[in-house]
Amino acid sequence: MAEHPEVSEPEEARAACASVSAVTAEHPAVARNVAVTGGAASLTPPMDGAPMAQPDGGAAEQVRHHHRERAVVGDRWIARVLRAGAVVSGGMFVLSLGLEAMPQSERVHVAIDLLRKGAASLLLVTPVARLAVAGTLLGLRGEWRYMVMAAGVLGLLAIAVGTGIQA
């Protein structure tokens with residue numbers, strides 16, 4: 001705003017800018033995770049030399065910490081789902097390759113076929129499971145719009161699979 005002296009910031013925006021700047025200056029790890037509401041606020045200190053407001057270390061900081069902790073826990077659950085799907089599917093593929101070394105019989109061929117089809121199916125289902133976990137976690141956080149979108153996508157996938165099986 002300093003480039004355009006004819007445009008002045010409202011006092012609320014200047015205070016928001018100062019408090020966000022103070023929080024990010026004190027906690028460098030927070031700098032990339034700060035959510036700013038109010039379009040005029042920025043992560044830079046005020047240009048006119050006004051003193052920066054100190055953030056309240058009380059309830060607001062605890063709420064931010066709680067929300068961040070819940071987001072991290074949710075990300076861990078999503079990572080676990082994706083990791084488990086990839087590891088189990090990979091294990092099934094490796095096991096099917098190991099069965100190739102066994103003497104060939106009808107049972108071995110059936111086992112190899114089942115393992116490979118199961119591994120491929122698991123690779124396809126893993127992102128769907130991730131979507132279900134993410135939708136559930138978003139609903140628990142109170143982000144209903146995104147939860148409804150996730151449920152809608154899952155519903156469309158279910159309809160597509162249902163019509164594909166009937167065809």
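These are my notebook entries on a predicted model of a protein chain.

**Entry 1: ground rules**

I number residues from 1 along each chain as its sequence is written. The model is predicted, so local features need pLDDT of at least 70 and side-chain atom pairs count only at pLDDT 80 or more, while totals for chains, interfaces and linings use all residues; side-chain values use heavy atoms, with hydrogens and water left out.

**Entry 2: the fold**

I looked up the secondary structure and found four helices and zero strands. Helices here are DSSP runs of H or I with at least four residues, strands are runs of E with at least two, and both are numbered from the N terminus. Read from the N terminus on, the elements run α-α-α-α.

I then looked up burial. Of the 167 residues in the protein chain, 18% are buried. Buried means under 20% relative accessible area, exposed means over 50%, and partly exposed lies in between, with a 1.4 Å probe and protein chains only.

**Entry 3: salt bridges**

How many salt bridges does a search of the whole structure find? The search finds three. I count a salt bridge when a side-chain nitrogen of Lys or Arg is within 4 Å of a carboxyl oxygen of Asp or Glu. Side chains of opposite charge can pair when their charged atoms come close.

One of the salt bridges joins the side chains of Glu100 and Arg116, at 3.0 Å from N to O. Glu100 lies in the loop between H2 and H3 and Arg116 lies in helix H3, so this pair ties together parts that are 16 residues apart in sequence. Glu100 is partly exposed because its relative accessibility is 38%. Arg116, at 30%, also counts as partly exposed.

I next noted the salt bridge between the side chains of Asp113 and Lys117, at 3.3 Å from N to O. Both residues lie in helix H3, four residues apart, which is about one turn of the helix. Asp113 has a relative accessible area of 36% and is therefore partly exposed. Lys117 has 52%, so Lys117 is exposed.

I also noted Glu143 and Arg141, whose side chains meet in a salt bridge at 4.0 Å from N to O. Glu143 is partly exposed at 29% relative accessibility, and Arg141 is partly exposed at 33%.

Is Ser96 buried or exposed? Ser96 counts as buried because its relative accessibility is 0%. Ser96 is found in helix H2, which covers residues 59-99. Its side chain makes a polar contact with the side chain of Arg116, at 3.0 Å. A polar contact is a pair of N or O atoms within 3.5 Å; within protein, one must be able to donate a hydrogen and the other to accept it, and residues adjacent in sequence count only if both atoms are side-chain atoms.

Val108 is in helix H3, residues 106-141, and is buried at a relative accessible area of 10%. Val108 and Ser96 are twelve residues apart in sequence, and their C-alpha atoms are 9.2 Å apart in space.

**Entry 4: two more C-alpha distances**

Gly118 is in helix H3 and counts as partly exposed at 23% relative accessibility. From Gly118 to Ser89 I noted 29 residues in sequence and 7.7 Å in space, C-alpha to C-alpha.

Met147 lies in helix H4 and is partly exposed, with a relative accessible area of 27%. The C-alpha atoms of Met147 and Gly135 are separated by 4.6 Å, and the two residues are twelve apart along the chain.

**Entry 5: rings**

How many aromatic pairs are there by the rule I used? The count comes to zero. Under the rule, rings of Phe, Tyr and Trp (its six-membered ring) pair if their centres lie within 6.5 Å; planes under 30 degrees apart count as stacked, over 60 as edge-to-face and the rest as tilted.

I did find a charge over a ring: the charged end of Arg80 sits over the ring of Trp77, 5.1 Å from its centre. This requires NZ of Lys or CZ of Arg within 6 Å of the ring centre and within 35 degrees of the ring normal.

**Entry 6: a surface patch**

Val128, Val153 and Leu157 make a nonpolar surface patch of about 200 Å². Patches are made of residues with over 30% relative accessible area and no salt bridge; like charges are joined within 9 Å, and nonpolar side chains (Val, Leu, Ile, Met, Phe, Trp, Tyr) within 5 Å. Accessible areas come from the Shrake-Rupley method with a 1.4 Å probe, and for residues only the protein chains shown count as cover. Leu157 is found in helix H4, residues 144-166, and is partly exposed at 37% relative accessibility.
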